[in-house]
Amino acid sequence: MTDSMFRLLVVEDDADIRRVLRTLLEAQGYRVVEAGTAERAVIEARSHKPDAVLVDLGLPDRDGQTVIRDLRAFSTVPILVLSARTMDAEKVQALDGGADDYVTKPFNAGELLARVRAALRRNAQSSRQSHVVRIGRITVDLAAREARDGDGNGLHLTPLEFRLLACLIRGHGLVVTRDQILQEVWGPDRIDDTRGLRAYVRALRQKLEPDPGQPRYLLTEPGLGYRLLVQDDAIGTH
Ligand code: CA
């Protein structure tokens with residue numbers, strides 16, 4: 001599937017922002033459907049079956065959070081939230097409510113397009129499971145549960161480190177919230193162990209990053225969680 005066949009639904013009540021988004025996305029060959037209200041968003045999503053949805057949280061009729069919930073009731077489409085920088089609590093609520101990532105307003109065009117590509121890639125990958133990914137010079141084979149450095153030497157990861165790494169890899173470059181990680185890696189009993197999580201992130205950085213103090217791949221999303229930038233041989237580089 002080429003990019004030109006992807007259809008994106010933009011849910012945003014500000015006509016100027018919608019126009020900017022349409023111009024930007026159409027220049028990449030995406031087809032764009034617009035909705036200015038929460039009610040319209042659900043109607044357009046049902047009739048056009050978009051490949052990804054961008055949702056503004058501040059909509060005139062209902063909160064954008066309800067759009068996410070409504071979409072999740074019938075669709076697994078990737079959802080990107082358009083959110084103001086100061087709204088960390090809202091972002092967490094949106095991500096835990098089923099959104100896949102967020103883009104901060106006023107948005108940077110390059111960042112927005114990278115998030116859209118990551119969201120579309122995540123969707124493509126659920127149907128074509130790839131087990132080998134690269135993180136800089138490190139290669140990780142999820143099926144074999146092993147990691148190697150650029151010289152082919154095995155990298156020692158504890159079972160918990162590997163589960164954390166696999167969880168972040170499954171994010172496909174999208175943000176993974178602390179709660180999602182703790183739930184998936186540590187289980188429901190340890191859901192408040194954010195100190196443990198930070199310690200394991202530090203340990204992973206020591207093993208993955210060329211300079212652990214200046215992470216290039218395992219990035220912190222302040223107040224939210226983490227994002228791992230991976231390259232996937234099956235789909236193309238980041
Ligand atoms: Ca708005």
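This is a predicted model: local features need pLDDT of at least 70, side-chain atom pairs count only at pLDDT 80 or more; totals for chains, interfaces and linings use all residues.
Q: What is the area buried between domain 1 and domain 2?
A: Buried area is the accessible area (1.4 Å probe) that two parts lose on being put together, summed over both. Between domain 1 and domain 2 that comes to about 1100 Å², with carbon and sulfur atoms giving 56%. On the domain 1 side, L95, D96 and Y102 supply 32% of the area buried against domain 2, more than any other three residues.

Q: Now the sheets, please. What is the strand order in the open sheet of five strands?
A: The general idea is that strands of a sheet pair through backbone hydrogen bonds, either parallel or antiparallel. Two strands pair if DSSP finds at least two bridges between them; helices (H or I, at least four residues) and strands (E, at least two) are DSSP runs, numbered from the N terminus. In this case the order is β2-β1-β3-β4-β5, with parallel pairing. The edge strands are β2 and β5, each pairing on one side only. From one strand to the next, the twist averages 20°.

Q: Which residues stand opposite each other in these pairs?
A: Strand β1 (residues 7–11) and strand β2 (residues 31–35) run parallel and are joined by five bridges; L8 stands opposite V32 in β2. Strand β4 (residues 79–84) also pairs with β5 in the parallel sense, over five bridges, and the bridge partner of L80 in β5 is D101.

Q: Which strands does α1 touch, and how is its direction described?
A: Axes are lines fitted to C-alpha atoms, for helices over the stretch in contact, and angles run from 0 to 180 degrees between N-to-C directions. Helix α1 packs on the sheet and touches β1, β2, β3 (52–56), β4 and β5, its direction making about 165° with that of β2.

Q: And what is the strand order in the open sheet of three strands?
A: That order is β10-β12-β11, with antiparallel pairing. Each of β10 (176–177) and β11 (218–221) stands at an edge with a single partner strand, so one side of each is left without a neighbour in the sheet. Two bridges pair β10 with strand β12 (residues 225–228) in the antiparallel sense, and T177 stands opposite G225 in β12. Helix α6 (residues 159–169) lies across β10, β11 and β12, running at about 75° to β12.

Q: Which atoms are the protein donors of the calcium ion?
A: Donors are N, O and S atoms within 2.8 Å of the metal (3.2 Å for Na, K and Ca); water is not among the atoms, so sites may look incomplete. For this ion they are D13 (OD), D56 (OD) and G58 (O), lying 2.1 to 2.4 Å from it. Along the sequence, the donor residues are spaced D-x42-D-x1-G.

Q: Are D56 and G58 buried or partly exposed?
A: Buried means under 20% relative accessible area, exposed over 50%, and partly exposed in between (1.4 Å probe, protein chains only). D56 counts as buried because its relative accessibility is 6%, whereas G58, at 45%, counts as partly exposed.

Q: What does R18 touch?
A: Leaving aside residues up to four places away in sequence, R18 touches V10, E12, D13, E34, A35 and G36. R18 sits in helix α1 (residues 15–27), and its relative accessibility of 17% makes it count as buried.

Notes:
Residues are numbered from 1 along each chain as its sequence is written. Side-chain values use heavy atoms; hydrogens and water are left out. Contact means heavy atoms within 4.5 Å.
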